[in-house]
Amino acid sequence: EFYATEKIDGTSMTIFVKDGKLEICSRRLWLAFEPDNSYWKVAQEMNLLEKLKSVENKYAIQGELSGEGIQKNIINIHGQKLFVFNIYDYFAGKYLEWGKVKQICFDWDLETPPEIFKSLFLPKTVDEVVKLATRKSVINPEAWAEGLVFRPLVERFDPDLGRLSFKAVNPEFLLSYGEE
């Protein structure tokens with residue numbers, strides 16, 4: 001049984017506390033503090049250092065940073081926002097279940113990507129999965145969504161394949177907004 005969220009077009013952001021200091025990574029880089037950097041501005045605006053310290057620095061937050069000046073901002077987000085899609089618990093050595101992620105985000109006034117399916121069993125074919133992902137954005141119904149991200153309601157990890165999680169890209173998004 002899976003849930004599916006809207007795939008937000010943006011850039012990956014991971015936030016955690018190390019030695020009492022806020023640390024931020026992009027998809028591939030550890031980012032030094034720069035007051036004018038979008039990653040750092042959003043983390044400070046959201047008061048993430050204090051929120052993470054309030055749980056004894058045991059969590060790392062992962063999300064998609066989206067909005068003005070990031071990618072093409074197809075869904076027309078005003079300003080910049082972080083959509084939290086994962087929270088990793090260092091002490092337990094695992095990702096939190098989606099229900100717990102949503103509760104923490106609610107408690108901390110953080111946003112998650114729109115939940116498209118709260119519970120579904122995967123279709124039998126890739127074509128059927130792509131059909132589910134072919135949709136307009138919940139955030140901006142005038143624009144195509146980038147696609148959907150699927151994860152099991154109960155976290156699953158395979159020693160060879162890793163964490164069970166995948167995305168289905170919306171072909172209409174690619175046709176309408178893809179590189180020429």
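What follows is a set of questions and answers about this predicted model.

Q: Why is Ile15 called buried?
A: Buried means under 20% relative accessible area. Ile15 has 0% relative accessibility, so it counts as buried. You can find Ile15 in strand S2, which covers residues 11-18.

Q: What makes Leu22, Glu23 and Ile24 contacts of Ile15?
A: Contact means heavy atoms within 4.5 Å. Ile15 touches these residues, and also Leu48, Leu52, Tyr59, Ala60, Ile61 and Leu82, with residues up to four places away in sequence left out of the count. As for Gly63, its C-alpha is 8.7 Å from that of Ile15 in space, while 48 residues separate the two in sequence.

Q: Is Asn73 buried or exposed, and why?
A: The cut-off for buried is under 20%. Asn73 comes to 14% relative accessibility and therefore counts as buried. This residue sits in the loop between S5 and S6.

Q: What makes the phi of Asn57 and Asn73 worth a look?
A: Most residues other than glycine have a negative phi. Asn57 is not a glycine, yet its phi is positive, at about 60°. Asn73 is not a glycine either, and its phi is positive at about 50°.

Q: How do you know that Asn140 is buried?
A: Its relative accessible area is 16%, so Asn140 is buried, the limit being under 20%. Asn140 belongs to the loop between helix H4 (126-133) and S9. Leaving aside residues up to four places away in sequence, Asn140 touches Ile74, Ile75 and Asn76.

Q: How do you know that strand S1 and strand S9 pair?
A: Two strands pair if there are at least two bridges between them. Five bridges join S1 (residues 2-6) to S9 (residues 147-152), and the two run antiparallel. Within this pairing, Glu6 has Leu148 as its bridge partner, and Thr5 stands opposite Val149.

Q: How do you know that S9 also pairs with S12?
A: At least two bridges are needed. S9 and S12 have four bridges, in the antiparallel sense.

Q: Which strands make up the open sheet, and in what order?
A: The four strands of this sheet have the order S8-S1-S9-S12, with antiparallel pairing. Strand S8 (115-120) and strand S12 (166-169) are the edge strands, as each pairs on one side only. On average, neighbouring strands of the sheet are turned by 20° against each other, direction ignored.

Q: What makes up the lining of the largest pocket?
A: The lining has six nonpolar, ten polar and nine charged residues. The pocket's volume is about 610 Å³. Of the 25 residues that line the pocket, Lys7, Arg27, Glu64, Phe85 and Lys167 are the closest to its centre. S2 gives the most to the lining, with three residues.

Q: What makes up the lining of the second largest pocket?
A: This lining divides into five nonpolar, two polar and four charged residues. About 180 Å³ of space lies in the pocket. Of its eleven lining residues, the closest to the centre are Asp9, Glu146, Phe173, Leu174 and Tyr177. Helix H5 (residues 171-177) provides the largest share of the lining, three residues.

Q: What makes a space a cavity, and how many of 30 Å³ or more are found?
A: A cavity is a space where a 1.4 Å probe fits but cannot get out. A search of the whole structure finds one cavity of 30 Å³ or more. The largest cavity has a volume of about 30 Å³. Residues that line this cavity include Glu6, Asp9, Ile75, Trp144 and Phe173. Its lining has five nonpolar, no polar and four charged residues.

Definitions and conventions. Residues numbered from 1 in each chain as written. Predicted model: local features only at pLDDT ≥ 70, side-chain atom pairs only at ≥ 80, totals over all residues. Heavy atoms only, no water. 1 Å grid on protein atoms, 1.4 Å probe; cavity = no way out; pocket = protein on both sides within 12 Å on 5 of 7 lines; lining within 4 Å. Points joined across faces, edges and corners; volume = space filled by probe spheres on them. Nonpolar A, V, L, I, M, F, W, Y, C, P; charged D, E, K, R; others polar. Axes fitted to C-alpha atoms, helices over the stretch in contact; angles between N-to-C directions. Buried < 20%, exposed > 50% of the residue type's maximum accessible area, 1.4 Å probe, protein only.
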